[in-house]
Amino acid sequence: MEELQSALKEWDLIVSTLPEKGRCLLTTRDFYPGEVIISQEPYVCVPNKSSGDRRCDGCFTSSNLRKCSACHVVWYCGSTCQKLDWKLHRLECQALSRLDMDKRKSVTPSIRLMVKLYLRRKLESEKVIPTTATNNYNLVEALVAHMSDIDEKQLVLYAQMANLVNLILQWPEINMKQIAENFSKFACNAHTICDGELRPLGTGLYPVISIVNHSCLPNSVLVFEGRLAVVRAVQHIPQGAELSPVAWTRAHTNVLISYIETAGSTMTRQKALTEQYLFTCTCPRCIKAGQSDDIQESALLEGYRCKDDQCNGFLLRSSDGEGFICQHCGVVRDKEEIRKIASEVKSMLDTVLMSSSAGNHQETFWMYQKIETLQRKLSHPFSISLMQTREKLLKILMEQQEWREALAYCRLTIPVYQSTSYFYLDMPGETYLSSTGVYPGFHPLLGLQYYTCGKLEWFLGNTDSAIESLTRAVDILKITHGTNTPFIKDLLLKLEEARAEASYKLSSKDE
Ligand SMILES: [Zn+2]
Ligand SMILES: [Zn+2]
Ligand SMILES: [Zn+2]
Ligand SMILES: [Zn+2]
């Protein structure tokens, strides 16, 4: 622990234990939007596994892959990644090679992550892999497991998974109960490693990043550069060194990221947090549950639209329970009418999943279009489910290179991302929010959506709009992703190209 504290001192951070919150990471100086607060290599990590989506075990790339010739399970992009991973994979390779081929193929990423955890611990104790102050098994041991909150079914599953790990490792002295407990630790502590566009690539255990607490109103964001986890400030986080522990939390010197999608009603967020992370959030947004602005937020994100097409008011259930009243114009929507559309949407969503997993692309597209039409009638224009349907349509259209239609859907999703950012600004009494200025939207998803928009406008030759969208993307993503990653460099290059084209167009017009 002392070792960790002195390592964190270099980052201007300390670990503290706060009542009811447990361990958390606090700042000892001011951090400003875009600054890296801390970064960490994984203790162990594995790429995702799905048919057709193979990745290098070292760098997670999906190109130029070759299979490890001994175990036939692990893939590498070349000798550099293979050599870097060899100390650990040598043991894993031997263990996997003992299994018959069918069993070997059924080894899931979570099982591999656990096998790697035990192998790394062994190699650490044998001094083959050096420990560091921020990456060692003791820090993994200190992570919360919430064993007492796990239901029976989950415990049985963990026990079965522990059996498989045991079968692979075949260590006589292994502690089965401890493996099961470590699976529980993975469930609440492991991070999904994503690429710059937030697409999941794999899973990793980052013991120091795991100390960072959650808030539905985060002041920081976690992104990945390759497999390096990077936490960046998206708000001004004041230093809290001279404050008492209680004042620390109040002064928001606690580094906070969001473990879940923040665009959701309080009820939805709380459900996700208790189910996966087994705690109840008490962030400034969550403690407002049931208050008028929280009710309004839920009604926008998950409620119904006004009967009047022109009205953007939000609806609340009438006192007699027979309908929903628009809070703007007072028009009532009948409960039965809503129920009918809602159940139609639900059954269509069930069938579209089957159609999409069966690979019927055209049918999937038509069904999502129908769902979108129904949801437009049913849900508020800022509804999350409507936005998710549009995201699906956008993705399919991008794959089919239907740029014009894709752009239309992309533009429709932006106001929703913006609105969820504006909620943060609208919340009265949160003085620390004002430090972000007029534009609060440092939500990486909003930045990415502007990026997609800009790329589409560029393809379609709409240079001026492309410049506008790409500029907005840069404004957000340089804060959340930094300016030095290949991803942002690529974005900056596109913006430059667009600007060059615009000035060329202008000069040729002058002639
Ligand atoms: Zn690689
Ligand atoms: Zn191998
Ligand atoms: Zn919360
Ligand atoms: Zn209305």
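Which helices do the buried residues of α12 pack against? They pack against α11 (335-357) and α13 (384-399). Keep in mind throughout that this is a predicted model.

**Confidence first.** Colour the chain by pLDDT. The mean over the protein chain is 89, and 92% of its residues reach 70 or more. Then select residues 422-440, where pLDDT stays under 50. The model has 17 contacts beyond four places in sequence for that stretch. Where pLDDT is low, the predicted coordinates should not be read in detail.

**Helix α12.** Select residues 361-378. The helix has 18 residues and reaches 25 Å from its first C-alpha to its last, close to the 26 Å expected at 1.5 Å a residue. Show the side chains of T364, F365, M367, Y368, I371, Q375 and L378, which are the buried residues of α12. Looking down the helix axis, these buried residues fall within an arc of 165°, so they line one face of α12. An α-helix has 3.6 residues a turn, so residues three or four places apart point the same way. Now turn to the face directed away from the buried side: the exposed residues Q362 and T373 are there.

**Helix α15.** Select residues 444-459. The end C-alpha atoms of α15 are 23 Å apart, which agrees with the 22 Å that its 16 residues should span at 1.5 Å a residue. Of these 16 residues, 15 are buried, so α15 is mostly covered under the cut-off of 20 or more other C-beta atoms within 10 Å.

**Strands β3 and β11.** Select residues 36-40 together with residues 228-233. Strand β3 is mostly covered, with 4 of its 5 residues buried. The two strands run antiparallel and are joined by 4 bridges. To find one pairing, pick Q40, whose bridge partner in β11 is A229.

**An annotated range.** Select residues 56-93. UniProt lists this range as "domain: MYND-type", in an unreviewed entry. In the model, the range is 39% helix and 11% strand, and its end C-alpha atoms are 15 Å apart.

**I129.** Select I129, in the loop between α4 (109-125) and α5 (137-141). Is I129 buried, exposed or partly exposed? I129 is partly exposed, with 17 other C-beta atoms within 10 Å. Beyond its neighbours within four places in sequence, I129 is in contact with K87, R120, L123 and E124. For a distance across the model, pick A299 as well: the C-alpha atoms of I129 and A299 are separated by 53 Å, and the two residues are 170 apart along the chain.

**Two residues with positive phi.** Most residues other than glycine have a negative phi. Select D12, in the loop between α1 (2-9) and β1 (13-18). Phi of D12 is near 60°. D12 counts as partly exposed, with 16 C-beta neighbours inside 10 Å.

Last, select L278, in the loop between α9 (266-277) and α10 (292-302). Phi of L278 is positive too, near 60°. L278 has 17 C-beta neighbours inside 10 Å and counts as partly exposed.

How values were computed
Residues are numbered from 1 along each chain as its sequence is written. Chains are lettered from A and ligands numbered from 1 in the order in which they are written. This is a predicted model: local features need pLDDT of at least 70, side-chain atom pairs count only at pLDDT 80 or more; totals for chains, interfaces and linings use all residues. The expected span of a helix is 1.5 Å times one less than its number of residues. A residue is buried if 20 or more other C-beta atoms lie within 10 Å of its own, exposed if 12 or fewer, and partly exposed in between; C-beta atoms are placed from the backbone. The arc is that of the directions from the helix axis to the C-beta atoms. Two residues are in contact if their C-beta atoms, placed from the backbone, lie within 7 Å. Two strands pair if DSSP finds at least two bridges between them. UniProt positions are given in the numbering used here, feature names are shortened, and annotations may be inferred rather than shown by experiment. pLDDT is the predictor's confidence in each residue, from 0 to 100.
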